[in-house]
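Visitor: I would like a close look at one part of this structure. Please take me through it step by step.

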Amino acid sequence: MLDTFYHEFGHGYRPQWHTDVVDLAGTYLETPRHALFVAVDGDEVVGTTAVRAQGPASPPHPAWLAERYSGGRTAQLFRVYVRSEHRRRGLARTLVDAAVRFIAETPGYEQIYLHTDTRVAGAEAFWRSVAVEVCDARDGDPDRNQTVHFEIPVPALAGSAESR
């Protein structure tokens, strides 16, 4: 994850945005309704996807968007990263599918929100293949995140408590 901040985003670790990364256990493993999914190749972590019970913050995101996804009913996908040399092998899709299944099986979630920086190669095309755009917030400034916000429907799982 830290490699992504430095090499993909070019801004490095920022405590105001990345505290979860220095406390993975506390944020994802010990917090109910949160989860962390990891892909490994031998001893190397090559991909991640995380789920947290929260929507986007305003600022930096639009206030109407933060309101739309407020409260514990929103599952937000975080830290969907695959090392560049491992891309185009289906890892991101596999990790996101696992996260979406976790969300569907976890009581209380009604929607899945995420945002991406379209400056990362392949990110926008990937999300458009699995999610629906909610807001294109790009401003064209190459020195700032070029953010697009998405939603993924929470699937109804056959045999789940809600479908009986």
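Guide: Start with Ala50, which stands opposite Phe78 in strand S3. Keep in mind that this is a predicted model. S3 covers residues 74-82 and pairs with S2 in the antiparallel sense, over five bridges.

Now stay with Phe78. Arg52 lies over the face of its ring, 3.6 Å from the ring centre.

Next, look at S2 as a whole. The strand spans residues 44-52, and seven of its nine residues are buried, so S2 is largely enclosed by the rest of the structure.

S2 has another neighbour. S1 runs antiparallel to S2, and seven bridges join them. S1 and S2 form a hairpin, with two residues between them. Gly42 sits in that turn and has a positive phi of about 65 degrees.

From here, move to the aromatic rings. The structure holds three aromatic pairs. One of them joins Phe37 and Phe102. Their centres are 6.1 Å apart, with 70 degrees between the planes, and the pair is edge-to-face. Phe37 lies in S1 (residues 35-41) and Phe102 in helix H5 (residues 91-105), so the pair ties together parts that are 65 residues apart in sequence. Phe102 is partly exposed, with a relative accessible area of 23%.

Phe126 and Trp127 make another edge-to-face pair, with ring centres 4.8 Å apart and planes at 70 degrees. Phe126 and Trp127 are both buried.

The charged end of Arg33 sits over the Tyr109 ring, 4.1 Å from its centre.

How values were computed. Residues numbered from 1 in each chain as written. Predicted model: local features only at pLDDT ≥ 70, side-chain atom pairs only at ≥ 80, totals over all residues. Heavy atoms only, no water. Phe/Tyr/Trp six-rings, centres within 6.5 Å; stacked < 30°, edge-to-face > 60°. Helix = DSSP H or I, 4+ residues; strand = E, 2+ residues; numbered from the N terminus. Buried < 20%, exposed > 50% of the residue type's maximum accessible area, 1.4 Å probe, protein only. Lys NZ or Arg CZ within 6 Å of the ring centre and 35° of its normal. Pairing = 2+ DSSP bridges.
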